[in-house]
Amino acid sequence: MAHLGINRGKHRVDPGLYALGSPDQDSPVFVTANYSPSFRALRTAVRGIDGYVLVLDTKGVNVWCAAGKGTFGTDELVLRIEQANLGGLVKHRRLILPQLGAPGVAAHEVKKRTRFKVDYGPVRAADLPRYLATGEATAEMRRVDFPLKQRLEIVPVEIVNTLIFSVVLGLPLYFAGGMLATLAALAAIFAGNVLFPALLPWLPTSNFSTKGFFLGALVAVPFAVMASLGYHGAATWQRAGWALAYLLFMPPVTAFLSLNFTGSTTFTSWSGVKREIFAYVPVMAWMFAPGLLLMGALAVAHAIGAGS
Amino acid sequence: MYEENTLRFDRELCTDCGVCLQVCPHEVFAQTHGEVEPANRSACMECGACQINCPAGAVTVESGVGCAAALMYQAVTKKKQPACGC
């Protein structure tokens, strides 16, 4: 359910100190967020190791997102160290934090305030046993990638998020252009929600909007071709008009959903995304609105019997 | 991903401690013959981990969420902080 974004706020662990096995004063201390999947991943990864887990109050949000918001942060960490009296429990002065907590925590600041040295462990909890064995994270353990499996895990969320949009766009189009128009709307949305995440690394160009335009245009071509073949009694200008309407309204739908996928990725920067929004959202609007207006006009022309 | 970003590195201030290499999720920094450089600058996603962890203040980056939905929502509602649903 958490994957679908439903009841995500309920997946919480109480913040504070937890014991794994029977730890003593030399046992390692791991720090994590109070998002239960994060906590569980850590506990599973270090099964069989005696240690402590210090859970920060991130309001049930995962480590990376919470670090970005600052809730997985220096102040919260210092507070939890003091509340748990960690200095009295362990002899050493070392904390193991997930690397993705680093955007919220100033390691040198924590050291100054608590004398605890922050060591950033691997990105993925599953690499912890190897990290503990060698004492250092390899480049591969430090790298955040975004493989196909992870990209596809987001698809159900995207589909749920665009259900209303699909109906709002697809239903009126049925009355304007019949089943073909509704299918076109759904195909453009499907391309943005499913094909885009799947094909992301192989799409040309270096930003999400133009990648999306490209994909949307590919998907629009068959619809334009079908429209250009026309319906019974359609004049040439009507067939050309419908074909143009598909080419205008479909690519911006796919491009917009593709642009929104930036929020799900692990590598887009905010200044780059902002530039994209300013450069391409106007283009999307100037294709989408005329495309729909053209369709409406063609539907009206058809209804009053023009061209036949 | 994008050619340009807000990552700035001050060679004069850098003490080559290497903490930026540890915290960066995209291997932006490299250390050759002891000297740290942002060798792979365009891979930066502006998460801000290097800036907050740099004890010398040699790295600056305007960090924020690289999420179009959050940034557009922010533009529409004129809020100071982009609301990130994640």
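A residue counts as buried if 20 or more other C-beta atoms lie within 10 Å of its own, exposed if 12 or fewer, and partly exposed in between, with C-beta atoms placed from the backbone. Keep that handy for this predicted model, where local features need pLDDT of at least 70, side-chain atom pairs count only at pLDDT 80 or more, and totals for chains, interfaces and linings use all residues. Residues are numbered from 1 along each chain as its sequence is written, while chains are lettered from A and ligands numbered from 1 in the order in which they are written.

**Chain B by itself**
- Chain B has three helices and four strands; helices (H or I, at least four residues) and strands (E, at least two) are DSSP runs, numbered from the N terminus.
- Starting at the N terminus, the elements of chain B go β-α-β-β-α-β-α.
- Of its 86 residues, 43% count as buried.

**Where the chains meet**
- Chain B brings 32 residues to the contact and chain A brings 29 residues; two residues are in contact if their C-beta atoms, placed from the backbone, lie within 7 Å.
- On the chain B side, helices H1 (19-23), H2 (49-53) and H3 (68-77) each give two or more residues.
- H3(B) supplies the largest share of that side, five residues.

**A strand pair in chain A**
- Strand E5 (residues 117-120) of chain A has A:Val118 and A:Tyr120 on its covered face, with A:Lys117 and A:Asp119 on the uncovered one.
- Strand E4 (residues 94-97) of chain A pairs with E5(A) in the parallel sense over four bridges; strands pair if DSSP finds at least two bridges between them.
- A:Arg94 has A:Lys117 in E5(A) as its bridge partner.
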